[in-house]
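Here are some notes to read alongside the structure. Take them one at a time, and find each residue in the viewer as you go.

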Amino acid sequence: MMKRGLIIGDSGGIGAALFSALEARGVTVTGLSRSRDGLDITSEESVEQRLGALDGDYDLILVTTGALEIGAHEPEKSLRKLTAEAMLAQFKVNTVGPAMVLKHAVKLLPKDRRAVIAVLSARVGSIGDNNLGGWYSYRTAKAAVNQIIHTTAIELARSHKNTICVALHPGTVQTEFTRKYVGRHPSVPAPEAADNLLSVIDGLTTAQTGGFYDWAGKVIPW
């Protein structure tokens, strides 16, 4: 039974909804965010300091941070719009940030029972499922974080045999993050997305560690 949860990025739409959903289950939840706690996931020093202040074991650690637009950079519609600055910004937030959280969160995982550590990725990070093109920087950063998750899962399987490490796609969620891009795409409110994700997490087994799954629990190709 899940007793303790940690949400990285609990001030965002999905993070806040997950925090509330876990509390409603009776889970003791800890949240960390930039706006309230000064957690800067692009700074390893900040990540190490904030996570280092925590103790005890967490049954669930969820990394819900991320950004689609960073500064003046919007998702690129064509290769000619691609810039090194935009790519580096995306990697700092969507790849390096979650990687640093994974690095420093390992000490918070129990070794004697089931635990899940998950990072919110995105279907557009799938190379096999890319049929539309565009969004170069965001797609590439998400593909890279998927590799980080898969590789971390291999290592954790040696030291934390009961831990499941996965990438999760929440679907298109109605948050400020997606407001400009939802359009006619099917989307769901954040509380519904949170329930969907927790349902997937509940059903995960150690055989699925290192995988990439959508909000319905279906495998997404790399």
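**Notes on salt bridges and helices**

1. Let's start with the charged pairs. A search of the whole structure, which is a predicted model, turns up 9 salt bridges. The next points look at some of them.

2. Find Arg 25 and Asp 202, which form a salt bridge with their closest N and O atoms 2.8 Å apart. Arg 25 sits in the loop between α1 (13–24) and β2 (28–32), while Asp 202 belongs to helix α6 (residues 190–203), so this pair ties together parts that are 177 residues apart in sequence. Are these two residues buried, exposed or partly exposed? Arg 25 is partly exposed, with a relative accessible area of 39%, and Asp 202 is partly exposed too, at 40%.

3. Now move to Arg 113, whose side chain meets that of Asp 59 in a salt bridge (2.8 Å, N to O). Arg 113 lies in the loop between α4 and β4 (115–120) and Asp 59 in the loop between α3 and β3 (60–63), so the pair links parts that are 54 residues apart in sequence. With a relative accessibility of 31%, Arg 113 counts as partly exposed. Asp 59, at 7%, counts as buried.

4. Arg 113 has another partner to look for: Asp 112 forms a salt bridge with Arg 113, and here the closest N and O atoms are 3.6 Å apart. Asp 112 counts as exposed because its relative accessibility is 63%, and the cut-off for exposed is over 50%.

5. Next, a pair of helices. Two packed helices are described by the angle between their axes and the distance between the axes. For helix α3 (residues 44–52) and helix α4 (residues 84–105), the axes come within 9 Å and cross at roughly 35°. The crossing of α3 past α4 is right-handed. On the α3 side, the contact is made by Glu 44, Val 47, Glu 48 and Leu 51; on the α4 side, by Met 100, Val 101, Lys 103, His 104 and Ala 105. Sorted by type, the residues of this contact are 5 nonpolar, 1 polar and 3 charged.

6. An α-helix has 3.6 residues a turn, so residues three or four places apart point the same way.

7. Asn 146 is buried, with a relative accessible area of 2%. Leaving aside residues up to four places away in sequence, Asn 146 touches Ser 121, Gly 125, Ala 167, Phe 212 and Trp 222.

8. Most residues other than glycine have a negative phi. Trp 135 is not a glycine, yet has a positive phi of about 50°. At 25% relative accessibility, Trp 135 counts as partly exposed.

Conventions: Residues numbered from 1 in each chain as written. Predicted model: local features only at pLDDT ≥ 70, side-chain atom pairs only at ≥ 80, totals over all residues. Heavy atoms only, no water. Buried < 20%, exposed > 50% of the residue type's maximum accessible area, 1.4 Å probe, protein only. Contact = heavy atoms within 4.5 Å. Axes fitted to C-alpha atoms, helices over the stretch in contact; angles between N-to-C directions. Helix = DSSP H or I, 4+ residues; strand = E, 2+ residues; numbered from the N terminus. Left-handed = near helix turned anticlockwise from the far one by under 90°. Nonpolar A, V, L, I, M, F, W, Y, C, P; charged D, E, K, R; others polar. Salt bridge = Lys/Arg side-chain N within 4 Å of Asp/Glu carboxyl O.
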